[in-house]
Amino acid sequence: MTKIEVGSSVPTFTLKDQNGNLVTVDAKINQPMVIYFYPKDDTPGCIKEACKFRDDFEKFTDLGALVIGISGDNVASHKKFEEKYKL
C-alpha cells in the first residue's frame with residue numbers, strides 16, 4: 001500500500017454515509033478536504049475527536065473545506081452516533 005501524503009490527491013472511493021446514501025470522494029472534488037479516520041463510533045477517544053471536528057466545523061467550512069469522518073461501523077451505528085452528539 002502506498003502512503004498518502006498531506007496535500008496529495010485523494011484516491012477515488014465510495015462509502016455509505018450515516019443516512020445510507022452512497023458518497024463518492026475523488027480528486028475531482030474541487031475543494032480542500034479533511035478526512036479523518038476513527039476506530040469505532042461512540043467510544044471515548046472517537047467521541048472527543050468527532051466532537052472537536054463538530055465544534056470547529058465552521059472554521060473548516062469558512063476555508064471551503066469538506067470534512068469527512070470514516071470508520072468501519074455500519075450505517076445504523078453512524079446514524080446513532082451522529083444524532084447522539086449532533087455531528
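This report covers the overall fold of the protein, its helix α3 and a few individual residues.

## Basis

The model is predicted, so local features require pLDDT of at least 70 and side-chain atom pairs count only at pLDDT 80 or more, while totals for chains, interfaces and linings use all residues. Residues are numbered from 1 along each chain as its sequence is written, and side-chain values use heavy atoms, with hydrogens and water left out.

## Overall fold

The protein has three helices and four strands. Helices (H or I, at least four residues) and strands (E, at least two) are DSSP runs, numbered from the N terminus. Their order along the sequence is β-β-β-α-α-β-α.

The C-alpha trace spans about 30 × 25 × 25 Å along its principal axes.

Buried residues make up 26% of the 87 residues. Buried means under 20% relative accessible area, exposed means over 50%, and partly exposed lies in between (1.4 Å probe, protein chains only). The protein exposes about 6400 Å², and carbon and sulfur atoms supply 56% of it. These areas come from the Shrake-Rupley method with a 1.4 Å probe; for residues, only the protein chains shown count as cover.

Contact means heavy atoms within 4.5 Å. Of the contacts with a separation of 6 or more, 60% join residues 24 or more positions apart.

The protein carries 12 positive and 13 negative charges, and their mean positions are 4 Å apart. Lys and Arg count as positive and Asp and Glu as negative; His and the chain ends are not counted. Each charge is placed at NZ of Lys, CZ of Arg, CG of Asp or CD of Glu.

## Helix α3

Helix α3 covers residues 75-85. Its buried residues include His78, Phe81, Glu82 and Tyr85. They lie on the same side of α3, because they cover an arc of only 100° around the axis. The arc is that of the directions from the helix axis to the C-beta atoms. An α-helix has 3.6 residues a turn, so residues three or four places apart point the same way. The face turned away from the buried side of α3 carries the exposed residues Ala76, Lys80 and Glu83. Helix α1 (44-55) is part of what covers the buried residues of α3.

Phe81 is buried, with a relative accessible area of 4%. Leaving out residues up to four places away in sequence, Phe81 touches Tyr38, Asp41, Asp42, Cys46, Ile47, Ala50 and Leu87. Its C-alpha atom is 12 Å from that of Glu49, 32 residues away along the chain.

His78 also counts as buried, at 13% relative accessibility. With residues up to four places away again left out, His78 touches Gln18, Tyr38, Asp41, Ser71 and Asp73. His78 and Asn21 are 57 residues apart in sequence, and 12 Å apart from C-alpha to C-alpha.

## Loop aspartates

Asp73 sits in the loop between β4 (66-70) and α3. Asp73 is buried, at 17% relative accessible area. Beyond its neighbours within four places in sequence, Asp73 is in contact with Pro39, Lys40, Asp41 and His78.

Asp26 lies in the loop between β2 (22-25) and β3 (33-37). Asp26 counts as buried, at 14% relative accessibility. Neighbours within four places aside, Asp26 is in contact with Val10, Thr12 and Met33.

| Residue pair | Separation in sequence | C-alpha distance |
|---|---|---|
| Asp26 and Pro11 | 15 residues | 5.8 Å |
| Asp73 and Asn30 | 43 residues | 28 Å |

## Positive phi

Asp42 has a positive phi of about 60°, although Asp42 is not a glycine. Asp42 is in the loop between β3 and α1. Asp42 counts as partly exposed, at 32% relative accessibility.

Lys86, also a residue other than glycine, has a positive phi near 50°. Lys86 is in the segment after α3. Lys86 counts as exposed, at 67% relative accessibility.
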